[in-house]
Amino acid sequence: MPPIPSASLLSPLPFPPATMQPFLRPSLLPMVLLLLSLVPISVPLSAPEPQPPTTSDLSITDLMSKKGCKTFAELLHSTSEAGDSFASNVGSGITAFCPTDPVLKPFLPRFKNLTADGKISLLLYHAIPIYYSIQMLKSNNGIVNTLATDGTTKNYNFIIQNDGDVVTLQTKVTTAKITDTLFDQDPVAIYSIDEVLEPTELFKPAEVPAPAPAPVEAADSPKAAEKNRTHETPPAASPGGKAEDQKAADNNRATAAAGKSVVGGAAAVAALFALVFG
């Protein structure tokens with residue numbers, strides 16, 4: 001049986017194993033560990049999680065555009081004074097009501113006929129300078145001021161009215177219903193509505209038709225009046241009326257006869273006088 005050749009281990013290091021002997025001494029191990037602790041080690045750190053945007057970073061018009069109120073958002077963009085007023089109230093508190101696109105588009109011709117100040121006031125009329133959650137709206141009734149309200153005259157306000165889960169905004173011209181919550185995070189709330197809010201300062205209320213007068217009976221025509229008179233029932237005679245009528249008739253005949261006698265006697269006297277003195 002041939003002899004089995006011995007296997008030799010090859011060192012992966014570029015220097016012979018004999019040179020490593022000093023580093024393997026137990027007395028040098030603490031020093032090696034100390035040196036290794038001084039070497040900076042770069043450990044990859046995980047990226048920080050993105051923080052949710054704060055209300056100060058919110059864009060009300062962007063939220064409206066993405067939630068079905070793009071037309072209203074565009075009006076705020078084109079009317080910078082109104083858009084700036086919406087944005088400046090984000091930090092302190094604001095509740096906005098935006099008409100949806102199908103509601104606002106037919107209204108645009110009337111909006112364009114307003115003056116520049118009227119356009120600003122109409123847009124500002126769709127926001128309250130206070131935060132109202134949907135639950136707060138459902139539990140409160142009454143008049144509220146808007147961004148368009150002048151503090152001295154208390155104009156441009158409307159009424160919040162709720163009936164269970166249904167919340168309506170009532171002016172003297174229109175009544176709008178809240179249809180959806182687009183954003184609700186204190187201090188900002190945005191709701192969509194199904195009507196444009198029309199203030200009485202810019203639009204006249206619809207006139208209430210007067211009640212119809214009560215029917216008046218037509219006056220009888222002369223011919224009808226005559227007909228009615230001919231058919232009237234004669235008054236009933238008193239129990240002694242017949243005898244009294246007869247007595248009156250006899251008196252009338254006697255008076256007539258006496259008159260004839262007087263006339264005849266006078267004629268006879270005249271004839272006799274003529275014969276005697278003729």
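At 58% relative accessibility, S92 counts as exposed (exposed means over 50% relative accessible area, buried under 20%, and partly exposed in between, with a 1.4 Å probe and protein chains only). Hello everyone, let me start from that residue and work back into the fold.

A word on the model. It is a predicted one, where local features need pLDDT of at least 70 and side-chain atom pairs count only at pLDDT 80 or more, while totals for chains, interfaces and linings use all residues. Residues are numbered from 1 along each chain as its sequence is written, and side-chain values use heavy atoms, with hydrogens and water left out.

S92 sits in the loop between helix 4 and strand 1. Its C-alpha atom is 7.9 Å from that of P129, although the two are 37 residues apart along the chain. N89 belongs to the loop between helix 4 and strand 1 as well. Is N89 buried or exposed? N89 is buried, at a relative accessible area of 14%. Beyond its neighbours within four places in sequence, N89 is in contact with I94, P129 and L147 (contact means heavy atoms within 4.5 Å).

Now the wider view. The protein chain has 10 helices and 7 strands; these are DSSP runs numbered from the N terminus, H or I of at least four residues for helices and E of at least two for strands. Of its 278 residues, 28% count as buried. Among contacts between residues at least 6 apart in sequence, 61% join residues at least 24 apart.

On to helix 4 itself, residues 80-88. Which of its residues are buried? They are A82, G83, S85 and F86. Looking down the axis of helix 4, these buried residues fall within an arc of 160 degrees, so they line one face of the helix (the arc is that of the directions from the helix axis to the C-beta atoms). The face turned away from that buried side carries the exposed residues E81, D84 and S88. Among the elements covering the buried residues of helix 4 are helix 2, helix 3, strand 1, helix 7 and strand 2.

Take helix 3 (70-78). The axes of helix 3 and helix 4 come within 5 Å and cross at roughly 105 degrees (axes are lines fitted to C-alpha atoms, for helices over the stretch in contact, with angles from 0 to 180 degrees between N-to-C directions). The two helices are therefore roughly perpendicular to each other. F72, L76, H77 and S78 of helix 3 meet S80, A82, G83 and F86 of helix 4. In helix 3, the buried residues are T71, F72, A73, L75 and L76.

And helix 7, residues 116-124? Its axis and that of helix 4 come within 9 Å and cross at roughly 25 degrees. That makes helix 4 roughly parallel to helix 7 (under 35 degrees is roughly parallel, over 145 roughly antiparallel, 65 to 115 roughly perpendicular and the rest oblique). Here E81, A82, S85 and F86 of helix 4 touch I120, L123 and L124 of helix 7.
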